[in-house]
Amino acid sequence: MPNTPPLTYPGAPAAPATPLPPSASGHAEGVSNEEFRAAMSRLASGVVLVTAQEPPLDPDDPLAPRGEDVGMTATAFMSVSLDPPLVLVSLREGSRMDDLLDEQPLWAVSVLAESQRHIAGRFAMKGRVSDRLLFADIPYVRGEATGAPLAGGALATLECRTEQRVPAGDHTLVIGRVLTAALPSADGGPLTYFRGRYRQLG
């Protein structure tokens with residue numbers, strides 16, 4: 001019997017869709033890494049500095065030296081809930097901050113002002129020097145709840161305790177309960193990130 005197309009009529013179930021072949025990037029949906037990056041670069045984001053302090057070398061000794069401060073620039077940061085107050089930051093899987101927050105539940109966020117582009121660039125560098133040197137000439141105070149550095153002149157600061165870690169592809173979504181929130185500086189606008197560059201509003 002010759003092959004004939006299936007009969008169709010109003011309300012008939014649609015024929016199964018033929019799956020698209022995987023793209024060169026390995027994405028079955030046919031979206032390349034370059035296409036995805038280009039599309040998401042059109043989404044303007046705020047810029048924050050995420051900080052935490054390594055646990056002391058000997059947690060049982062109150063006089064043991066504290067661990068090093070660690071910081072990273074992030075643009076994937078958002079509020080999640082008002083009651084309880086929750087925020088979320090996305091960390092590259094296996095990054096130093098991801099590894100640290102896997103063992104250290106306390107961390108902080110400084111919402112950077114437009115005048116703090118140099119801080120964002122410094123903590124976003126690849127192959128960078130030690131974090132101790134990165135913090136050397138940046139004014140900051142230590143959070144009372146976390147001990148993490150809070151950047152001076154930031155538009156807002158938040159101290160957080162991890163509530164949940166969610167693996168998501170090549171990143172980890174870290175959801176934190178906000179322990180403290182403050183507005184250190186009321187001057188200036190926010191630092192934003194759009195189309196691969198740090199920008200100012202207006």
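1. Let's start with Arg-142, which is partly exposed because its relative accessible area is 28%; the classes used here are buried for under 20%, exposed for over 50% and partly exposed in between, with a 1.4 Å probe and protein chains only. Arg-142 forms a salt bridge with Asp-69, with the closest N and O atoms 2.7 Å apart. A salt bridge here is a side-chain nitrogen of Lys or Arg within 4 Å of a carboxyl oxygen of Asp or Glu. The pair links distant parts of the chain, as Asp-69 is in strand 3 and Arg-142 in strand 7 (residues 140-142), 73 residues apart. Asp-69 itself counts as buried, at 9% relative accessible area.

2. A word on provenance. This is a predicted model, in which local features need pLDDT of at least 70 and side-chain atom pairs count only at pLDDT 80 or more, while totals for chains, interfaces and linings use all residues. Residues are numbered from 1 along each chain as its sequence is written, and side-chain values use heavy atoms, leaving out hydrogens and water.

3. Now the overall make-up. The chain has four helices and 12 strands; these are DSSP runs numbered from the N terminus, helices being H or I of at least four residues and strands E of at least two. Of the 202 residues, 35% are buried. The accessible surface is about 12700 Å², and carbon and sulfur atoms hold 58% of that; areas come from the Shrake-Rupley method with a 1.4 Å probe, and for residues only the protein chains shown count as cover. Among contacts (heavy atoms within 4.5 Å) between residues at least 6 apart in sequence, 62% join residues at least 24 apart.

4. Back to charges: a search of the whole structure finds 10 salt bridges. One of them joins the side chains of Arg-96 and Asp-131 at 2.4 Å, N to O. Arg-96 is in helix 2 and Asp-131 in helix 4 (residues 131-135), so this pair ties together parts 35 residues apart in sequence.

5. Asp-137 and Arg-122 make another salt bridge, at 2.5 Å from N to O. With 56% relative accessibility, Asp-137 counts as exposed.

6. Strand 9 (residues 156-168) is joined to strand 6 (residues 106-111) by six bridges, running antiparallel, and Leu-106 has Arg-161 as its bridge partner. Strand 9 also pairs with strand 10 (residues 171-182) in the antiparallel sense, over 11 bridges, with Val-166 opposite Leu-173. Strands 9 and 10 form a hairpin with two residues between them, and Gly-169 in the turn has a positive phi of about 60°.

7. What is the strand order in the open sheet of three strands? The order is 1-11-12, with antiparallel pairing, and strand 1 and strand 12 (197-200) are the edges, each pairing on one side only. Ser-45 sits in strand 1 (residues 45-46) and counts as buried at 19% relative accessibility. Beyond its neighbours within four places in sequence, Ser-45 contacts Thr-75, Leu-191, Thr-192 and Tyr-193.

8. Finally, the surface. Val-31, Phe-36, Met-40 and Leu-43 make a nonpolar patch of about 370 Å². Patches consist of residues with over 30% relative accessible area and no salt bridge, with like charges joined within 9 Å and nonpolar side chains (Val, Leu, Ile, Met, Phe, Trp, Tyr) within 5 Å. Met-40 lies in helix 1 (residues 33-40) and is partly exposed, at 42% relative accessibility.

Note on methods. Pairing = 2+ DSSP bridges.
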